[in-house]
Amino acid sequence: MSATQSTIISKTSVRTLDAIVVGAGFAGLYMLHSLRKLGLNARIYEAASGPGGTWFWNRYPGARCDIPSLQYSYQFSDDLQQEWEWAERYASQPEILKYVEHVIERFKLRPDIQFNTRVQAAHLDEAAGRWQIQTSTGETVSAKFCIMATGCLSSTNVPDFKGLDSFRGKFYHTGQWPHEGVDFTGQRVAVIGTGSSAVQSIPLIAAQAAQLTVFQRTANFSVPAHNAPLDPAEQKRVKANYDELRTAGKNQLLAWDIDPNAKLAADATPAEIRAECERRWRMGGLYFYGVFADLLINPESNRVLAEFIRDKIHEQVKDPAVAELLSPKTVLGCKRICADTDYFQTYNRENVLLVDISKSGIDEITPQGLRVGGRDYAFDAIVFATGFDAMTGSINRVDVRGRHGQKLKDKWAAGPRTYLGLSSAGFPNFFIISGPGSPSVLTCMITSIEQHVEFITECIDYLRKHRLAHIEATVEAENRWVEHVNEVAGSTLFNSCSSWYLGANVPGKPRIFMPYVGFPPYVAKCNEIVAKGYEGFALTA
Ligand code: NA7
């Protein structure tokens, strides 16, 4: 083949799009739908063999959303929210996937989703003003806009335990669970971690395994979810006036309606505090965030409210020593509160053992199991419920290069830098949905996603209408935004524990509080920026 022929072939094999969307989770799907409505030629590339993003991968036993299904769902289409019937108060992972499939069919999205295709690189071709994308399938795509819908909890964190490869049994990560499921019957199982994934899966694994040993580094606050089949009358009532619930949600810090109490614990009597805590305990799960308005502001109020949950843990766990170990000593709510079903009661089972590794950590993984504090434990299976390289992990996995070949990963080496969590200076026409610096993981993700998708869509439409070629955050606006995100977090207690919001769970990751606290002020800021002709962005013809 001649050089000319090969050039022609490589040129013709480049797919040209208006926009590429990376990821087929809730963000990617709505982004595709919105871009199509603008008349753009857009396509999703997705590494997995199916849609759903984090819900595709997190198939561990008990995987379930901790936000009520009537609120953890799209609201952009009233027909969609009216026609879909949720089965449970909190949707299980399989039910969420069914909903995702329904959305794909309903809006005929499938032809523009390419599965089993990981986007490996996205390089800005400055001369052409386009993004050149390389995929794991060897394809090259050229797109004017590159939109990362890569999710906040998609890059799993398996700590670099010494000896991991020597283990003769099987090991699993909750975020990469085998599709065929796992049968632990008769097995000795270890679970490492006591975050949300562990709290949901431990009761089910304990009920199946011969013996379960839980290795706990930090105890977590958990409130019973009180999951149950969704009362059809309740569902009908909500749907009759869905806007009311959605509007109430969007006006709250977490972007979903938790029925917040405007009172301060600091102003309440012990009896009032007790009564409100009991009411929240009955409401269940994350509704506890709404207990008093100073929960995450006033350390003394937080201490009193945390004490209520510690007492509840002691009521549920028979062995006082185990109950004490399970009682978190951290600030309540600064790590995400878990929503459980029989989590603490599981430790009353004969076949469940809790091992405190807060001081020793895990020495190593051995061919037979684990060595902790010099003691050996034998297992048939190990479950890593060790979380994610949250918010930045899935973006940094892609080799993103902007102006002058600068790598986004290098730019973010000391912590992510974005404007509004949506855009990063030096990376024109490159958007991140629910990126670091946006409310994302602190809120109902789908509501935040919809706001971002609508912002991006409106922005692209604006560029077209004004015959502009590029949009890019300015360095000044970005610097001010990063400072502001930190300032806001610093005025709360969110900064006061080693959470994944801070990147503290991944060794070596810079400790920066990544999400923006407060959905309503964030949306107001975005709207103000748009009203001022995209203030803080450079727009070029
Ligand atoms: P999380 O909440 O990050 O929990 C991970 C757990 O794993 C947590 O208990 C960690 O302890 C523990 N962990 C992490 N690394 C280690 C090592 N090296 N040794 C021992 N223990 C370790 O992840 P989840 O998947 O449970 O939940 C993530 C989010 O998904 C959740 O917040 C919901 O939003 C849904 P640590 O607390 O760091 O001491």
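**Setting up.** I am working with a predicted model, where local features need pLDDT of at least 70, side-chain atom pairs count only at pLDDT 80 or more, and totals for chains, interfaces and linings use all residues. Residues are numbered from 1 along each chain as its sequence is written, and side-chain values use heavy atoms, with hydrogens and water left out.

**The sheet.** I looked up an open sheet of five strands. Its order is β7-β16-β8-β9-β12, with parallel pairing. I note that strands (E, at least two residues) and helices (H or I, at least four) are DSSP runs, numbered from the N terminus. Two strands pair if DSSP finds at least two bridges between them. Which strands sit at the edges? They are β7 (170-173) and β12 (352-356), and each pairs on one side only. On average, neighbouring strands of this sheet are turned by 20° against each other, direction ignored. For such angles, axes are lines fitted to C-alpha atoms, for helices over the stretch in contact, and angles run from 0 to 180 degrees between N-to-C directions.

I then checked β7 against β16 (residues 381-384). Four bridges join the two strands, which run parallel. K170 stands opposite A381 in β16.

**I205.** I found I205 in helix α6 (residues 196-208). Is I205 buried or exposed? I205 is buried, with a relative accessible area of 0%. Buried means under 20%, exposed over 50%, partly exposed in between (1.4 Å probe, protein chains only). I listed its contacts (heavy atoms within 4.5 Å). Not counting residues up to four places away in sequence, I205 touches P61, F184, V189, V191, L212 and V383.

**T194.** I placed T194 in the loop between β8 (188-192) and α6. T194 counts as buried, at 5% relative accessibility. A polar atom of its side chain lies 2.8 Å from the backbone oxygen of T218. Leaving aside neighbours within four places in sequence, T194 is in contact with several residues, among them V199, Y343 and Y347.

**R246.** I turned to helix α8 (residues 242-250), which holds R246.

Methods: A polar contact is a pair of N or O atoms within 3.5 Å; within protein, one must be able to donate a hydrogen and the other to accept it, and residues adjacent in sequence count only if both atoms are side-chain atoms.
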